[in-house]
Amino acid sequence: MNLETVELTKSFGGVTAVDHATVRFVDGKVNGLIGPNGSGKTTFFNCVTGMIKPDSGSVAYRGKDITKHASDRVARAGIGRSFQLCRVFPRMTVMENLLVAVRHPSVRTLLRSADDEHERERARHWLRRVGIDHLEHAEARNLSYGQQKLLELAGVLMGDPDTIMLDEPAGGVNPALIGRIATLVRELNEEGKTFIIVEHNMEMVMSLCDHVVVFDRGRPIAEGEPSMIQQDPRVLEAYLGV
Amino acid sequence: MRNDSERTASAGRTASADLGPALTETVVVAPDAPRRRRRWSRAVSLALLVVGAALVLSFPFIAPNPYILSAGVVILNYAVLSTGWNFMGGFTGYISLGHAAYFGLGAYGTGLIVKYLELPGFVAWVLAALVVVAISVPVGIAALRVRGASFVIVSIAFVLILLLVFQSWREFTGGSEGLIVPRPFPDLLRPEHHRAFFYLFAGLLAAALVAWWVIDRSKFGTALKSIREDEDKARSLGVPTTRYKLIAYVLSALVTGLGGGLYALWFGDLDPIFQFSILIGSYMVLMALLGGVRHLFGPLLGALIVGIALEYFKLEFGDTQFHLVAAGLLLGVVVLFMPDGVIPAVGQLIDRFRPQQTSIRDVSAAELLEQNRRSDASATGAADAREASGEASTRDASDVSDASDPKEVTR
Ligand SMILES: Nc1ncnc2c1ncn2[C@@H]1O[C@H](COP(=O)(O)OP(=O)(O)OP(=O)(O)O)[C@@H](O)[C@H]1O
Ligand SMILES: [Mg+2]
């Protein structure tokens, strides 16, 4: 099992964003997490990655409890993530953005020059993979939104994560780019990376995911193969609000 | 130049909104323009560095009288403090208004060790620096739990507490009577004393600048700057922000404390109200902001400008509070008109007079055609694109970079 939560709960004042959610995601697969707006998907991501503290419940990654880990420790355990409203370092160059990621910090890597050719080559590799290597020297804030999304993805990949959580990778992105992102996800999955993807674009979810979990009001209401999910009456009800 | 590039970038963005997928890649940077620019600016920096160092080193001989020389010492001291502050403020963006706490602790630490342990001045100086480090660790752990305005408040609270302690603990610190610190070179006459300390401060400043420079170009420095940009994002990428911030904070306290200790040995008379004043802390911030916190020499340049201005106002208007008004006005001007400080502002001005070679170029018609052709191809093969093999997509990516080969564009 890749990632497993038990009775995970988080409320904001009166709103229970994640409500006793017990969810499992499969190692080596492209997992989907879908649900209507406000169903708690992003909050679930934040709890799992240590960005916010859950009120109760637990999170385990590959058998180890990570409930109390701060977000940087979660990242170094091998979980990379992107944000729904894509986040890059606006006043750093594309290259510098990539050099931020840390998987194995040590005094030696700390004092190593940021100009280290090996690291730069690795960064260029990921920039090429996402297709923005020609922007290496541009400041991140000068990139278009779609390019920033690709940059964020490259930055996450630079941290060499085993599991990658993407919060709406297709949000605000033109169709051609969605295709490119989907292709990249599939390739990386073949190279052994596990994905957990929150996405509203059903076409993308259905074609990309091996396993889908459906959230409604903070808890999973269905899970299974995409084709089965599509016909599940509970899912239709949640989406149509019947 | 930045303005130009911003305009081009946003033009590219609106264009891509109109024309759809065809123009998503239009913001293209010719990769070797920045490189050439960097080489150019490196040569200029090196020349400036040599001239600057020569000026500093010869200043004690140029200075017409001991008064001017002592003003030089004061300015170098400010430069050390402000550069010290910039280890924290510049890299991580955490604004400490109470950094005078470490200036005072370094100074009083040195003075008290000389007085009570009767150690030589410079031994006391080193020991006091260790004390500063020992104090800054727990204070840093506590203060760095909060961000933004809260951190500013905490830093002010810290210096105010120290002020009260050092004022009221009369038997130990001398209170507001002051603390006399014996001179480390009793045989030197006053001008020679100033001269010796001018070089000591210059040495300390050089060491601090080298340390800042090393961090600036290290992976550690990149991590600290990412904290300044977006701390939570940096954490999500695995940067151990808590630890890194603390290291920067302690280094910052150390340099500031060393500056304070040297001040104690030079000036020889300490008063809590000056050592632990918010004003000194504010000067450190003002100088760094004025020169430019992202630049190695920003705080030094700021110290030079503010220091000279302060000395001038004191000379001209005596003991009035006019210099405070002037400092406040200066801060306002900086924040409003040069948010990044003097160095970037001057850089932009110079760029304006250099031959046009924007690093972000517009797309030529031929390239547009090429891009349209390619996006047409990908649109018709949209279904295939999903099934596209890894090989195909990497080939595609390298196509893009071939098309933007800088040599074809800039020649
Ligand atoms: N920081 C917060 N403070 C208060 N309420 C919050 C906060 N974050 C989320 N919520 C609430 O929790 C609920 C779940 O929000 P969340 O963002 O997790 O949903 P989501 O499934 O990601 O929705 P979307 O698909 O629109 O992104 C919402 O009702 C939201 O208003
Ligand atoms: Mg969301």
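Biologist: Why is B:Lys225 called buried?
Modeller: Its relative accessible area is 15%, and buried means under 20%, exposed over 50% and partly exposed in between, with a 1.4 Å probe and protein chains only. So B:Lys225 falls in the buried class. Bear in mind that this is a predicted model, where local features need pLDDT of at least 70 and side-chain atom pairs count only at pLDDT 80 or more, while totals for chains, interfaces and linings use all residues. Residues are numbered from 1 along each chain as written, chains are lettered from A and ligands numbered from 1 in the order written, and side-chain values use heavy atoms, without hydrogens and water.

Biologist: What makes B:Lys225 and B:Asp216 a salt bridge?
Modeller: Their N to O distance is 2.9 Å, and the rule asks for a side-chain nitrogen of Lys or Arg within 4 Å of a carboxyl oxygen of Asp or Glu. B:Asp216, at 24%, is partly exposed. Side chains of opposite charge can pair when their charged atoms come close.

Biologist: How do you know that A:Lys10 and A:Asp55 pair up, and which parts of the chain do they link?
Modeller: The closest N and O atoms are 3.6 Å apart, so the pair passes the salt bridge cut-off. A:Lys10 sits in strand 1 and A:Asp55 in the loop between helix 1 and strand 4 of chain A, 45 residues away. (Helices are DSSP runs of H or I with at least four residues, strands are runs of E with at least two, and both are numbered from the N terminus.) A:Lys10 is buried at 13%, whereas A:Asp55 is partly exposed at 45%.

Biologist: How many salt bridges does the rule give over all chains?
Modeller: The count is 26. Some are joined up: A:Glu117, A:Glu121, A:Arg124, A:Arg128 and A:Glu136 form a network of them.

Biologist: On to the metal. What makes A:Thr42 and A:Gln84 donors of the magnesium ion?
Modeller: Donors are N, O and S atoms within 2.8 Å of the metal (3.2 Å for Na, K and Ca), and sites may look incomplete because water is not among the atoms. OG1 of A:Thr42 and OE1 of A:Gln84 lie 1.9 to 2.1 Å from the ion, ligand 2. A:Thr42 is in helix 1 and A:Gln84 in the loop between strand 6 and helix 3 of chain A, so the two tie together parts 42 residues apart in sequence.

Biologist: What makes A:His200 a polar contact of ligand 1?
Modeller: A polar side-chain atom of A:His200 is 2.8 Å from a ligand oxygen. A polar contact is a pair of N or O atoms within 3.5 Å; within protein, one must be able to donate a hydrogen and the other to accept it, and residues adjacent in sequence count only if both atoms are side-chain atoms. A:Gln84 turns up here too, with a polar side-chain atom 2.8 Å from an oxygen of ligand 1. The protein covers 61% of the 640 Å² of accessible area that ligand 1 has on its own; accessible areas are Shrake-Rupley values with a 1.4 Å probe, and for residues only the protein chains shown count as cover.

Biologist: Which element of chain A gives the largest share of the shell around ligand 1?
Modeller: Helix 1, with 3 residues.
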